[in-house]
Amino acid sequence: PPISPLSITFDGQTGTMSPEGPVLTRRMSDLAGLFADTAAWEAAVADGDPVVYQVASSPVPEAEGELPQSITTILPGTVAGEFHMTKGHQHPNPQGEIYLGLSGTGGLLLFDGERPQWIDMAPGVIGYIPPGWAHRSVNTGDEPYRFLAVYPGNAGHDYGWVLANGMGHRVYRGEGATPRFEPFTATP
Ligand code: PA5
Ligand code: NI
């Protein structure tokens, strides 16, 4: 049955929602094949397999016609200089999505298979993801980066596309606050 109208409160400083649905935790070991430096990634997995990000969802279900929301918290850090990031995905049912920056600083890397695009994200910034663009979030700062996502409930998540095609760029710690971008090359 469809969900009833509801009020959801969230805390942009902690990334929690109330009422809360499922919370997903992605550790370093869940990001296999994504960082360029495989040896550094293996070392991080062996050294405590740290949490890289968490996704707290509201109770709105991923069902056709619904508009689920979630808050992602990406913890700061790098793997051999490559910033902590989400796995990234395409929506197999191509539909748009919006992200709203809540705390910390990061970016939204978008890739349509040919053109990489980057949107700087910070509190108060809306990043718009058009249909057909794969998307990945990156924490480019030294504190947790958080954003709210709102997406069509039947959009789906295709993670294999990003493993096969990459995201166009890799994002590394650069000089000062400016990230350094390198063209994507497949991992060995
Ligand atoms: O809906 C979204 O695009 C986000 O909520 C992401 O799912 C979230 O940031 C986690 O990223 P990923 O699904 O690529 O692991
Ligand atoms: Ni998405």
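This is a predicted model: local features need pLDDT of at least 70, side-chain atom pairs count only at pLDDT 80 or more; totals for chains, interfaces and linings use all residues.
**Entry 1: Thr140**

Is Thr140 buried or exposed? I looked it up: Thr140 is buried, since its relative accessible area is 15%. My cut-offs are under 20% relative accessible area for buried, over 50% for exposed and partly exposed in between, with a 1.4 Å probe and protein chains only. Thr140 is found in the loop between β12 and β13. Strands here are DSSP runs of E with at least two residues, helices are runs of H or I with at least four, and both are numbered from the N terminus. I then listed what Thr140 is in contact with, skipping neighbours within four places in sequence: Phe83, Thr105, Gly106, Trp118 and Pro179. Contact means heavy atoms within 4.5 Å.

**Entry 2: ground rules**

Residues are numbered from 1 along each chain as its sequence is written, chains are lettered from A and ligands numbered from 1 in the order in which they are written, and side-chain values use heavy atoms, with hydrogens and water left out.

**Entry 3: the nickel ion**

Which residues coordinate the nickel ion (ligand 2)? I found His89 (NE2), His91 (NE2), Glu97 (OE) and His135 (NE2), at 2.1 to 2.2 Å. Donors are N, O and S atoms within 2.8 Å of the metal (3.2 Å for Na, K and Ca), and sites may look incomplete because water is not among the atoms. I wrote down the spacing of the donor residues in sequence as H-x1-H-x5-E-x37-H. His89 counts as buried because its relative accessibility is 10%. His91 is buried too, at 6%.

**Entry 4: the core**

Next I checked the largest nonpolar core, which has 29 residues. Such a core is a set of buried Ala, Val, Leu, Ile, Met, Phe, Trp, Tyr and Cys residues joined through side-chain atoms within 4.5 Å. Met28, Leu31, Phe35 and Tyr99 touch the most other members. Elements giving two or more residues to this core are α1, β4, β9 (106-111), β12 (134-139) and β13 (145-150). β9 gives the most, with four residues. I also followed up Leu31: leaving out residues up to four places away in sequence, Leu31 touches Arg26, Trp41, Val52, Tyr53, Met85 and Lys87.

**Entry 5: around α1**

Just after α1, Gly48 has a positive phi of about 95°. Then comes Asp49, placed in the loop between α1 (38-46) and β4 (51-57).

How far from Asp49 is Arg27, the nearest side chain of opposite charge? I got 5.1 Å, and Asp49 is buried yet has no salt bridge. For charge, Lys and Arg count as positive and Asp and Glu as negative, while His and the chain ends are not counted. A salt bridge needs a side-chain nitrogen of Lys or Arg within 4 Å of a carboxyl oxygen of Asp or Glu.

What Asp49 does have is a polar contact, side chain to side chain, with Ser29 (2.7 Å). A polar contact is a pair of N or O atoms within 3.5 Å; within protein, one must be able to donate a hydrogen and the other to accept it, and residues adjacent in sequence count only if both atoms are side-chain atoms. Neighbours within four places aside, Asp49 is in contact with Arg27, Met28, Ser29 and Ala44.

**Entry 6: salt bridges**

How many salt bridges does the structure hold? I noted four. One of them joins the side chains of Arg170 and Glu82 (2.9 Å, N to O). This pair links distant parts of the chain, with Arg170 in strand β14 (residues 169-172) and Glu82 in strand β7 (residues 82-83), 88 residues apart. Both Arg170 and Glu82 are buried.

Arg173 and Asp142 also meet in a salt bridge (3.4 Å, N to O). Arg173 sits in the loop between β14 and β15 (180-183) and Asp142 in the loop between β12 and β13, 31 residues apart. Arg173 counts as partly exposed because its relative accessibility is 38%, while Asp142 is exposed at 64%.

**Entry 7: Glu64**

Last stop: Glu64, in the loop between β4 and β5 (69-74). Glu64 is exposed because its relative accessibility is 67%. Gly153 is 89 residues from Glu64 along the chain, yet their C-alpha atoms are separated by 5.2 Å. Not counting residues up to four places away in sequence, Glu64 touches Gly153 and Asn154.
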